[in-house]
Amino acid sequence: MHWYEMKLSGKGRTSSSVGRVCRPERIADVPKYLEQVGKNGIVVRGSASSYADQTLNTDGAVMMSGRLDCIRSFNEETGELICEPGVTLETITRLYGARGFMLATASGSGQHTLGGALGANIVGQNGHKKTSLACSVNWMDVVLADGQIVRASLEENEDLFRSVIGGQGMIGIIVLVSINLLKKPALNVVVEKRRITNLNDLIESLRTVRKSCDFCSVWVDTSARSDAIGRGILKTASFTRDPVDVSLFSVPKRRFSLPQFVLHMASWSFFQNLRYHFFSDTKTVTSYEEFLYPSDYVRVFSSKGVYQLQISFSEAEGPQALRRILTELSQSRITACRAVLVLTKKDRLSYLGFALHGYTISLDFIRRKGLEDFLKHLITIATEHNGRVSLQDDALLEPRNLIMMYDCWDKFVKVRETLDPQKKFDSDFARRLFVREKKNEQ
Amino acid sequence: MNNKRTWLVLGANNILARAFARQAASAGNDVILLGKAGDDLELLVNDICARYPDVDVLSVELDTSNLDSFVKTVEECEEKAKNIISVFSALETAYAQKECGKDLGKIKNMFQINYFSQVYFLSAIAPVLQKQLCGEIIVLGSTAGEYGMPDNYAFGSTKAALHIWLQGFQAQMAQYHVNVTTVKADDWDTVGERKYSFYQKPLDPEACARSCLHYAQKKVKVCYFPWYTALTVPLRRYAPYLYRSLKK
């Protein structure tokens, strides 16, 4: 049993905290560590992919789950994989992709641990086909606040299952997961990229591709003004049996971080303009594994910090809400350093599932003076259009927003009160958003 | 016999040994895991089988409290191995200096596992590797064995003894074309309370395992992980002397 004092931050580096950190290497150690937790509780941290304070616990304990990464079994016939939560999505794809299997969700990053991906209930580029990764989970073993290990699934302990999925680690610690990997329809995907001229074109194109393609995402140019608002590049992909295109001049994919000068607001706007204007429509066939995890290759890390705001809108409200948000961005001359739009399906599985049947836009901003107020304004717009802000990367949501956005919020709180009345599973995020709940107790 | 290896991974319950076993298996080598009975050896065997179904993975019990049993263990491994035998040893236990001060038995235990177990096992396996006229031995050392630190000098002394023994062993095995690599890993989070600064993080076992395999293939004798500790260790070692002499 070793504890370390460590300064930790979220991926966005907008908030940091000092906490006591432990790294269990066996499932049997998890309840033992739980016994040693102090008054500020404990939070589980996987690959630290959350942007804000979701995995921070000031003056409390943090459990790093990365070393709980054993795979127990894999059934080649059914595709059932039983593994510990520290296994990353990229590892699963690397190991089983070549054997003809794939994860249900094609998330943007493969660095997420399986436990983290379920705890945050991530959606992917195929969000319009498969709601989230959780839809392929058979069952999972969860360590509760009293140290008991309980199996949860849709058939057994349903409330627990629905709360842990997307629960940001506030209910229990996932220690074992049974997940079904899907058989890949084909080894390769045909990826088409085409330019979108404005928002009307964007919405129209997305309506068309929702039924026709397997994967879809749009890079939105947030530096666009007036009539060009909503312009961008639409990327769609579908499985194909065609062979992979061979090019003599292909550049190998390398992971790199963008230099700081690129992250300046003016230069970012300039680069977005360049990207849009010099882009030409393409159609290529690539292997499925090559196509996955696009956001792992270019890292946007600013020393000032990066905020991410991910908002889901229904199909009816989406076009209007997106227009308002993009217009606000244009008028305030604030350029998002990354803006990606994906299609999603309503998440009915999780109590804190954020995806609605419609559109989800993800915006990254370099921290600067006055940005927090602007983002709060965007959250207000989202509330007015019945949108939902994703909890996995949120840094600025307030308790009142949460209650208005999430219908099953009360069910989640009830489960939390029943299973963890002492708030053993706690974090800076939980204290920020569940503050009312604590006040009521006092 | 082909170029494929059968890696004997000692101390398989260690997180680094676990990472190394996976790394070796991913390169298509067979693996024999050696560790205490009751450790999660079977768990690791299942893990590697589920990851790499084409690789043969076995587990063999290693009783570090009975050093004389190692000869039989080596015979058992030799019998089971189908390819060229190579060894990765991460047999290690660590106690904080405070605990050692209270109970000297802990120092004895550390010497038993960190030094005597490795020396006995490597001595027992040496004739097998000499007969092969090839193979690799990788032993996990530590930068703690380079200089004494107030918080872990008991642990460091076990590693220092091991480093010296390995220097001689390297020369002996080199005559038989067997390469011995000592990997001196920095601040491994195995013992005691630590305070990490913002950018200093505990070592990544997978990266370390990759480096171990890479250095063994390059036939490096001594390497540091991370590589820059080769520069910082002498600095850390001599900085207090320099400071004192300049002060005079």
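Tutor: The second largest cavity holds about 80 Å³ of space, where a cavity is a set of points on a 1 Å grid over the protein atoms alone at which a 1.4 Å probe fits but cannot get out, and the volume is that filled by probe spheres set on the points, joined across faces, edges and corners. This is a predicted model, in which local features need pLDDT of at least 70, side-chain atom pairs count only at pLDDT 80 or more, and totals for linings use all residues. Residues are numbered from 1 along each chain as its sequence is written, and chains are lettered from A in the order in which they are written.

The lining, meaning residues with an atom within 4 Å of a point, consists here of A:E25, A:R26 and A:C70 together with B:A12, B:N13, B:R18, B:D40, B:L43 and B:L44. By class, four of these are nonpolar, one is polar and four are charged.

In chain A, β3 (42–45), α3 (114–120), α4 (158–164) and β10 (173–180) each supply at least two lining residues, while α3(A) gives the largest share, five residues. Domain 1 (4–65 + 413–441) and domain 2 (71–183) of chain A each contribute at least three residues to that lining.

Technical notes:
Side-chain values use heavy atoms; hydrogens and water are left out. Helices (H or I, at least four residues) and strands (E, at least two) are DSSP runs, numbered from the N terminus. Domain bounds come from an automatic or database domain assignment. On a 1 Å grid over the protein atoms alone, a cavity is a set of points where a 1.4 Å probe fits but cannot get out, and a pocket is an open set with protein on both sides within 12 Å along at least five of seven lines; lining residues have an atom within 4 Å of a point. Ala, Val, Leu, Ile, Met, Phe, Trp, Tyr, Cys and Pro count as nonpolar, Asp, Glu, Lys and Arg as charged, and the others, Gly among them, as polar.
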